[in-house]
Amino acid sequence: MNVADVQEAITQAHREEWARVVATMAKRFGDLDIAEEAAAEAFATAVERWPADGVPPNPGAWLTTTAGRKAIDRIRRESRRDDKQKEAQMLYDDDPPEPLGAIDDERLRLVFTCCHPALAMESRVALTLRMVGGLTVAEIARAFLVQESAMGQRITRAKAKIKGARIPYRVPSAEDLPARVSGVLAVLFLVFNEGYLATGSDTDPVRHDLTAEAIRLTRLIRALIPRDGEVAGLLALMLLIEARRAARVSPSGELITLDEQDRAAWDATLVAEGHRLVRERLAAGEAPGRYQILAAINAVHTSARDARDTDWSQVVALYDQLVRLDPSPIVALNRAVAVAELDGPEVALAAVDRLADKLADYHAYHATRADLLRRLGRGEQSRAAYDRAIELAGNTAEIASLTRRRDHL
Amino acid sequence: MQYMVSVVDDKTNSATPDEMTAINAFNDRVKAEGHWVFAGGLNSPATATVIDNRGGDALFTDGPFVETKEYLAGFWVFEAPDLDVALKLAAEGSKACNRRVEVRPFL
């Protein structure tokens, strides 16, 4: 086996085994800190040894055994495991989870612990990417544009809270499960969105590393909770957005809106997988949640060969369904965009203007108004709205696109 | 494991009769379920005295150690196996007393 093959084997093992190794260590030693460090050391040992010794026949088992030894070494080295510390051990609930269709996988406990509602959202995101995703602290810091030391502190603080407040290491009860799963999905969607519409003037407009990681983790959750409709919905939604990645930004770094995208550049495999998931959820015949509806809307868009073939009445009907679940002004704004195609820009503008109080500081509100005003031939008002949208937008590609549209008025 | 659940308020002894009924019912249940350690309401911060005897010469200062609009108006101490249980109890407590509460684990 040559160097490149060993390197590939290590990368693959990291991708496939990291979360399992951390989770197994967390169960065994009742401490996330020890689990994380032991897993990191096991992978470092693999990098050192596999090129000389060869890749073991079962890399996962090798890594788990090695991590276990590293953890015991550390505990012996510190040898300060007095009663107090034992007491502070993370609580491990030995009861098998109730039969929810969920696999009793250690990784699931890890995910629910990292996404616990008592942790701040930014801590949940960081902890999930570190413990479940296996990203380094430096990588996570880069992804969210903070100093590595600050990100390290955030993760350390979160681990200290888990330990000090005794956030349990378990799959939530059936009663709490839907809310807790939805908390996990919110974390994954946030990671995805940060990749999909990255903020900051120095970053790439689309951060493929983040969207890919979010999709990978959502696939993992789906494998662990296969019967949850919202998990399937979120995965479908991400896939259908990711499928359009190559067509979304022009070579000059400008965001291309859906109607102007080269649909031949969409990733047909991802579109097909997204559509398959949406059909699976439709066939299930259960009332869809937010992500499933959003996925269905994206399925309608990606089913049209040309933007003009879009079934807008279907899109508006889905938004109506979404408004009933989530009456937020942002959903109402997106619905208005679809209404413009179905009932014309004047009707849509009236709906958008009703949101003025709530969305005055939201760039998409002004961008939407600007487009509608332009279509209605009200150039001056349109220009003012574009100006405001450009002021508020954080994504470089989006700013470029808004600027072009304004300058073409 | 014990958790302190602090009740946040900007008034003292301000529970309405309905709230008192709900609090008593909640307390009875907490006792029956074995989570009860202690609970109490506190008089207003204006009745507090700060004592500094670090130098061996006790200094008394009228008032709370920090003036805030909202303050600790009362608290529960619960026995609970983990934070999930403590959060559930705290959520029910918040509903019963109709105030915001804060949960903190003991060391």
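Begin by selecting chain B together with chain A: four salt bridges link the two chains, a salt bridge being a side-chain nitrogen of Lys or Arg within 4 Å of a carboxyl oxygen of Asp or Glu. This is a predicted model, in which local features need pLDDT of at least 70 and side-chain atom pairs count only at pLDDT 80 or more, while totals for chains, interfaces and linings use all residues. Residues are numbered from 1 along each chain as its sequence is written, chains are lettered from A and ligands numbered from 1 in the order in which they are written, and side-chain values use heavy atoms, with hydrogens and water left out.

**The interface**

Select B:Lys88 and A:Asp176, which form a salt bridge whose closest N and O atoms are 2.8 Å apart.

Highlight B:Asp82, B:Leu83 and B:Asp84, which supply 47% of the area that chain B buries against chain A, more than any other three residues.

**Salt bridges within chain A**

Over all chains, the count comes to 42 salt bridges. Select A:Arg74 and A:Glu37, whose side chains meet in a salt bridge (3.2 Å, N to O). This pair links distant parts of the chain, with A:Arg74 in helix H3 (residues 59-78) of chain A and A:Glu37 in helix H2 (residues 32-53) of chain A, 37 residues apart. Is A:Arg74 buried or exposed? A:Arg74 counts as buried at 11% relative accessibility, whereas A:Glu37 is partly exposed at 31%; buried means under 20% relative accessible area, exposed over 50%, and partly exposed in between (1.4 Å probe, protein chains only).

Move to A:Arg404 and A:Glu260, where another salt bridge joins the side chains (3.4 Å, N to O). Here A:Arg404 is in helix H21 (residues 396-407) of chain A and A:Glu260 is in the loop between helix H12 (245-248) and H13 of chain A, 144 residues apart. A:Arg404 is partly exposed, with a relative accessible area of 27%, and A:Glu260 is also partly exposed, at 44%.

Now select A:Asp33, A:Glu36, A:Glu37, A:Arg74, A:Glu78, A:Arg130 and A:Lys159, which salt bridges that share partners join into one network.

**An annotated span**

Colour residues 112-162 of chain A, which UniProt, in an unreviewed entry, lists as "domain: RNA polymerase sigma factor 70 region 4 type". UniProt positions are given in the numbering used here, feature names are shortened, and annotations may be inferred rather than shown by experiment. The end C-alpha atoms of this span lie 12 Å apart, and the span is 73% helix and 0% strand.

Which helix holds A:Gly274? A:Gly274 lies in helix H13 (residues 268-284) of chain A and is buried, with a relative accessible area of 0%. Leaving aside neighbours within four places in sequence, A:Gly274 is in contact with A:Ala236, A:Leu239 and A:Leu240.

Next, select A:Arg369 in helix H19 (residues 363-375) of chain A. A:Arg369 is buried, with a relative accessible area of 19%, and touches A:Leu349, A:Val352, A:Asp353 and A:Ala385, not counting residues up to four places away in sequence.

**A loop in chain B**

Finish at B:Thr12, in the loop between strand E1 (2-9) and helix H1 (17-32) of chain B. B:Thr12 counts as partly exposed at 25% relative accessibility. The C-alpha atoms of B:Thr12 and B:Tyr71, 59 residues apart along the chain, are separated by 9.3 Å.

Notes
Buried area is the accessible area (1.4 Å probe) that two parts lose on being put together, summed over both. Helices (H or I, at least four residues) and strands (E, at least two) are DSSP runs, numbered from the N terminus. Contact means heavy atoms within 4.5 Å.
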